[in-house]
Amino acid sequence: MKILILGAGQVGGTLAENLANEANDITIIDSDGARLRELQDRLDIRTVQGAASYPTALRQAGAEDADMLIAVTNSDETNMVACQVAKLLYKTPTTICRVRANAYLAKSELFYQRDQTKDLDSLRGFPIDVLISPEHLVTKHITRLIENPGALQVLEFSKGLTRLVAIRATKGGPLVGHELSYLRTHMPKIDTRVAAIFRKDRAIMPEGNTVIEDGDEVFFIAAGDHIKSVMSELQPLVKPYKRIFICGGGNIGQRLAHTLENRYQVKLLERDHERCVMLSENLRKTVVLEGNAANKDILLEENIESTDVFCAVTNDDEANIMASLLAKRLGARKVLTLINNPDYVDLIQGGDIDVAISPQQTTIGSLLTHVRRGDVVNVHSLRRGEAEAIEAIAHGDHRSSKVVGKRLDEINLPEGTTIGAIVRRNEVLIAHDHLRIQPDDHVILFLVDKTRIRDVEKLFQVGLTFF
């Protein structure tokens, strides 16, 4: 595919790296020449220095014959206008746009729907095929972690019918110290599959005789209503969370409080007075506090020691890290920290900070969903981009497809790839060797080595499609 990426920030740069490694023709536009040179030194990509929404810059980048444009600059307005220019002047087939401001997102009539308008000349609104909201994605990610105490990552497939969960195996969990085959004996009525195990950052492909060790990061897949039962096998039972403390009242903090306040006791700490007034007027049950989370006295006054989850979601990585460390030392049960700088994530996760959340990785997965060849409907980037989980739909028949009609043990999967589950007509079938893939099955796969993604895509290609 020939893909234009507008914006060379963290998301644009990471996306370019992902896609360039998969033999795509990538051009990236940004006004920062130094950043473009740095990317060009590392990656096999073209760069164009200029304003991303200008017709001249888009033409110079090759918009006339591009398959896709992905607008991820720091400006919503630039992203939206660039999509309009590319669609109207250069007939770019697919436009993907990152929009952060809820003021735009709340007005759906601003954006035309791909399936409702075929005639470009009659478009009303910005011609954006796919809208990506990082704040919305991060809020969903944090909410799922709070709903599943003890999880490191919770990923949904097939509209929540099945989930892939990452959990740290902890001494005291019934399965820790036992072979995986023990799980079926111990829980005969719960069907699940361990997709991968990471031990000291080394991937282990699970077998029935694989022994789970204390500290292993275990990825397992199960139907949504079986998740908590399986988690209880890998670590001592964690009590449901009740009290949530949010540090930072920006877009993510506000969204998170609004999502949680009807089910949990939520406190939100924001340092800006005017923002506090606005938050208190818009949030119904959340207790809005004005102050600095780095102030030990404020946290103690608000009984931080009885807090179940402390979420630091300001725009400042250093402030998030320091506030999280302080909250943990003062007794917060679990700490979730938003980290924009990917270099910090590996440094801090797993110590006093329980889970480091990267908006870039959360957003990248959503973007990759629309870039994958074959009918791929879900992509999740895992372990800071090293691994990947995808949901692909099987099409064709036994003559035209490499997977349809075959038993799972007959499919020649790339090394490091496992099939975790199949969703068939809203029924979750955990992967076992005897299952045969049928047309329209949703197949959920886990790739330990994401460089094999092209081989996986080929398995599910009958004809070449981009969506």
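Is A82 buried or exposed? At 0% relative accessibility, A82 counts as buried, where buried means under 20% relative accessible area, exposed over 50%, and partly exposed in between (1.4 Å probe, protein chains only). This is a predicted model, in which local features need pLDDT of at least 70 and side-chain atom pairs count only at pLDDT 80 or more, while totals for chains, interfaces and linings use all residues. Residues are numbered from 1 along each chain as its sequence is written, and side-chain values use heavy atoms, with hydrogens and water left out.

The protein chain holds 15 helices and 22 strands; helices (H or I, at least four residues) and strands (E, at least two) are DSSP runs, numbered from the N terminus. With a radius of gyration of 23 Å, close to the 23 Å that the globule rule gives for 467 residues, the protein chain is as compact as a globular protein of that length. Here the radius is taken over C-alpha atoms, and the rule is 2.2 Å times the number of residues to the power 0.38. The C-alpha trace spans about 60 × 60 × 40 Å along its principal axes.

Of the 467 residues in the protein chain, 55% are buried. Among contacts with a separation of 6 or more, 62% come from residues 24 or more positions apart, a contact being heavy atoms within 4.5 Å. The protein chain exposes about 21,000 Å², and carbon and sulfur atoms supply 47% of that area; accessible areas come from the Shrake-Rupley method with a 1.4 Å probe, and for residues only the protein chains shown count as cover.

Confidence in the prediction comes next. The mean pLDDT of the protein chain is 88, and 95% of its residues reach 70 or more; pLDDT is the predictor's confidence in each residue, from 0 to 100. Over residues 463-467 pLDDT stays under 50, and the model has 16 contacts beyond four places in sequence for this stretch.

Returning to the opening residue, A82 lies in helix α4 (residues 76-90). Leaving aside residues up to four places away in sequence, A82 touches L6, A52, S53 and L58. By contrast, 51 Å separates the C-alpha atoms of A82 and L180, which are 98 residues apart along the chain. In helix α6 (residues 134-147) sits H141, which counts as buried at 9% relative accessibility. Its partners, again not counting residues up to four places away in sequence, are Q153, I357 and T362.

Helix α1 (residues 10-20) has 9 of its 11 residues buried, so this helix is largely enclosed by the rest of the structure. Those buried residues are V11, G12, G13, T14, L15, A16, N18, L19 and A20. Their cover includes the strands β1 (2-6), β2 (25-30), β4 (68-71) and β5 (94-98), together with the helices α2 (33-42) and α14 (359-369).

Most residues other than glycine have a negative phi. R425, in the loop between β20 (417-424) and β21 (427-430), has a positive phi of about 50° although it is not a glycine. N426 lies in the loop between β20 and β21, and its phi is near 65°, a positive value in a residue other than glycine. R425 is exposed, with a relative accessible area of 70%, and N426 counts as exposed at 64% relative accessibility.
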